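This report concerns charged side chains and their pairing. Please consult the sequence and the structure shown below while reading.

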Amino acid sequence: MQALLAASRGIDAVTAFIGRHVKWLILVAIIVSAVNAIIRKAFDESSNAWLELQWYLFGAVFMLAAAYTLQRNAHIRIDVISAHLKKRTRDWIDLFGHIVFLLPFVLMMIWLCVPFALDSYQSQEMSMNSGGLIIWPAKFIILVGFILLLAQAISEIIKRVAVLAGILDDADEHANMQASVDTELLSAGIGPHAHDASKRDGAGDAR
């Protein structure tokens with residue numbers, strides 16, 4: 001089980017890294033939208049490529065951050081009933097939902113997306129709109145998004161089983177998740193401990 005938990009922490013670290021960096025695509029989409037609006041108003045010119053680029057960027061954020069949203073338990077829930085249940089009961093519900101609903105759905109979407117993306121790439125599919133962009137990269141992002149979601153679903157199942165078995169409690173689970181996020185931030189050179197780590201590295205070099 002410890003090996004599975006280690007794999008879960010690895011998945012969580014990758015998911016956190018992608019989720020925390022892909023959010024910058026929203027800023028890029030906003031800039032693209034603003035520049036497109038300015039050009040259209042000031043010079044009465046525009047292009048479908050600008051509009052489609054905005055769609056691709058927002059779609060990339062939605063797909064690539066879905067796994068991170070699952071990790072952070074931030075998907076929309078209807079808690080009218082579950083909020084009144086015991087924590088262990090909610091864990092069983094989560095485990096059941098991940099295994100019976102989430103996993104089959106994600107596996108089916110991956111199975112459907114593989115030929116969907118490959119056919120688009122092999123034909124070098126282009127937008128039907130005048131001046132539009134190539135389409136196959138966007139379709140591959142959909143496939144990658146579901147692969148990431150599958151990996152995170154497996155991680156969540158491992159953690160739920162460990163919690164229900166008494167191997168991992170909620171505090172440990174949160175600590176493990178935070179440790180994975182801290183490791184990812186530290187490797188990127190940001191976060192509250194990055195400066196301390198750089199000072200330690202500098203001291204080691206001086207010695």
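Are Lys-159 and Glu-156 buried or exposed?

## A salt-bridge network

In this predicted model, both Lys-159 and Glu-156 are buried. The two residues form a salt bridge, with their closest N and O atoms 2.9 Å apart. Because Lys-159 and Glu-156 are three residues apart in helix H7, about one helical turn separates them.

Lys-159 also meets Asp-12 in a side-chain salt bridge, at 3.0 Å from N to O. Lys-159 belongs to helix H7 (residues 136–164) and Asp-12 to helix H1 (residues 2–22), so this pair ties together parts that lie 147 residues apart in sequence. The relative accessibility of Lys-159 is 4%, and that of Asp-12 is 3%; with the limit for buried set at under 20%, Asp-12 counts as buried. Through shared partners, salt bridges join Asp-12, Glu-156 and Lys-159 into one network.

## A link between helices H6 and H7

Asp-91 and Arg-160 form a salt bridge whose closest N and O atoms are 3.3 Å apart. Asp-91 lies in helix H6 and Arg-160 in helix H7, so the pair connects parts 69 residues apart in sequence. Both residues of this pair, Asp-91 and Arg-160, are buried. In the whole structure, a search finds five salt bridges.

## His-98 and its contacts

Helix H6 (residues 87–122) contains His-98, a buried residue with a relative accessible area of 11%. When neighbours within four places in sequence are left aside, His-98 is in contact with Leu-70, Leu-103, Glu-156 and Ile-157. Of these contacts, Glu-156 is one that also takes part in the network with Asp-12 and Lys-159.

Terms used
Residues are numbered from 1 along each chain as its sequence is written. This is a predicted model: local features need pLDDT of at least 70, side-chain atom pairs count only at pLDDT 80 or more; totals for chains, interfaces and linings use all residues. Side-chain values use heavy atoms; hydrogens and water are left out. Helices (H or I, at least four residues) and strands (E, at least two) are DSSP runs, numbered from the N terminus. Buried means under 20% relative accessible area, exposed over 50%, partly exposed in between (1.4 Å probe, protein chains only). Contact means heavy atoms within 4.5 Å. A salt bridge is a side-chain nitrogen of Lys or Arg within 4 Å of a carboxyl oxygen of Asp or Glu.
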